[in-house]
Amino acid sequence: ILVVDLNGKILSFNQKMADMWGIPAEVFACGDDQLAINAALEKLVYPEEFMTKVIELYKHPDEASYDVLELKDGRTFERYSQPQRIGDAPVGRVWSFRDVTARRKAEEQAHALTREQAARAEAENSQKRATLLAEASRVLSASFDYQTTLAALVRLAVPALADYCAL
């Protein structure tokens with residue numbers, strides 16, 4: 001958690017904030033928000049987007065925001081920001097960050113597993129269709145007697161297609 005007044009002076013922070021960002025606590029303790037921002041920018045994949053949002057929120061002190069930050073080291077942070085108020089008047093801004101790297105990776109793995117299962121099912125269905133068509137071709141070419149061929153084709157097709165029928 002980081003609390004900054006409307007003039008860009010850091011009023012409060014916690015050690016977890018410094019630890020998450022890998023920024024020495026002294027940078028926050030000196031009270032200069034711009035120094036802390038500059039230290040954070042070096043760690044971000046998209047520093048321009050980060051800075052654009054900070055500037056936008058400082059221009060509009062009544063707004064709250066949420067976004068996701070990608071760090072160069074592969075971590076992902078959620079960033080929440082809301083106005084700090086005394087009565088109805090904004091007097092600063094509260095920033096909070098949460099490391100959601102593990103959750104994001106788990107979600108990505110779950111999506112990858114779902115895609116893999118769908119692809120596997122499609123491959124199995126394709127294999128079944130190819131096998132059915134190959135067997136049907138064999139049956140069709142086995143006899144010139146249409147009754148024998150039709151009966152053999154029915155014996156082949158009905159069990160294979162019955163799974164797709166509903167009563």
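Modeller: Before we start on this predicted model, a residue is called buried when its relative accessible area is under 20%.

Colleague: Fine, then which residues are buried in helix H3?

Modeller: In H3, which spans residues 33-41, the buried residues are Asp33, Ala36, Ile37, Ala39, Ala40 and Leu41.

Colleague: Which residue caps the N-terminal end of H3?

Modeller: That is Asp32, which places a side-chain oxygen 3.0 Å from the backbone nitrogen of Gln34.

Colleague: Let's take H4, then. At what angle do H3 and H4 pack?

Modeller: The angle is about 155 degrees, and the axes of H3 and H4 are 10 Å apart. Because angles over 145 degrees count as roughly antiparallel, H3 is described as roughly antiparallel to H4.

Colleague: Is the crossing of H3 and H4 right-handed or left-handed?

Modeller: H3 passes H4 in a right-handed crossing. On the H3 side the contact is made by Asp33, Gln34, Ile37, Ala40 and Leu41, while H4 contributes Pro47, Phe50, Met51, Val54 and Tyr58.

Colleague: How many residues of each class does the contact of H3 with H4 have?

Modeller: Sorted by class, the contact of H3 with H4 has 8 nonpolar residues, 1 polar residue and 1 charged residue.

Colleague: Changing topic, where does Asp67 lie, and is Asp67 buried or exposed?

Modeller: Asp67 is in strand E3, residues 65-70. Its relative accessibility is 18%, so Asp67 counts as buried, given that the cut-off is under 20%.

Colleague: What does the side chain of Asp67 make a polar contact with?

Modeller: The partner is the side chain of Arg79, at 2.5 Å. Once neighbours within four places in sequence are left aside, Asp67 is in contact with Lys53, Phe77, Glu78 and Arg79.

Colleague: What is Gly92 in contact with, leaving aside its neighbours within four places in sequence?

Modeller: Gly92 is then in contact with Val4, Asp5, Leu6, Pro83 and Gln84. For Leu6, the separation from Gly92 is 86 residues in sequence, yet the two are 4.7 Å apart in space, taken from C-alpha to C-alpha.

Definitions and conventions
Residues numbered from 1 in each chain as written. Predicted model: local features only at pLDDT ≥ 70, side-chain atom pairs only at ≥ 80, totals over all residues. Heavy atoms only, no water. Buried < 20%, exposed > 50% of the residue type's maximum accessible area, 1.4 Å probe, protein only. Helix = DSSP H or I, 4+ residues; strand = E, 2+ residues; numbered from the N terminus. Polar contact = N/O pair within 3.5 Å; in protein donor to acceptor, adjacent residues only side chain to side chain. Contact = heavy atoms within 4.5 Å. Axes fitted to C-alpha atoms, helices over the stretch in contact; angles between N-to-C directions. Parallel < 35°, antiparallel > 145°, perpendicular 65-115°, else oblique. Left-handed = near helix turned anticlockwise from the far one by under 90°. Nonpolar A, V, L, I, M, F, W, Y, C, P; charged D, E, K, R; others polar.
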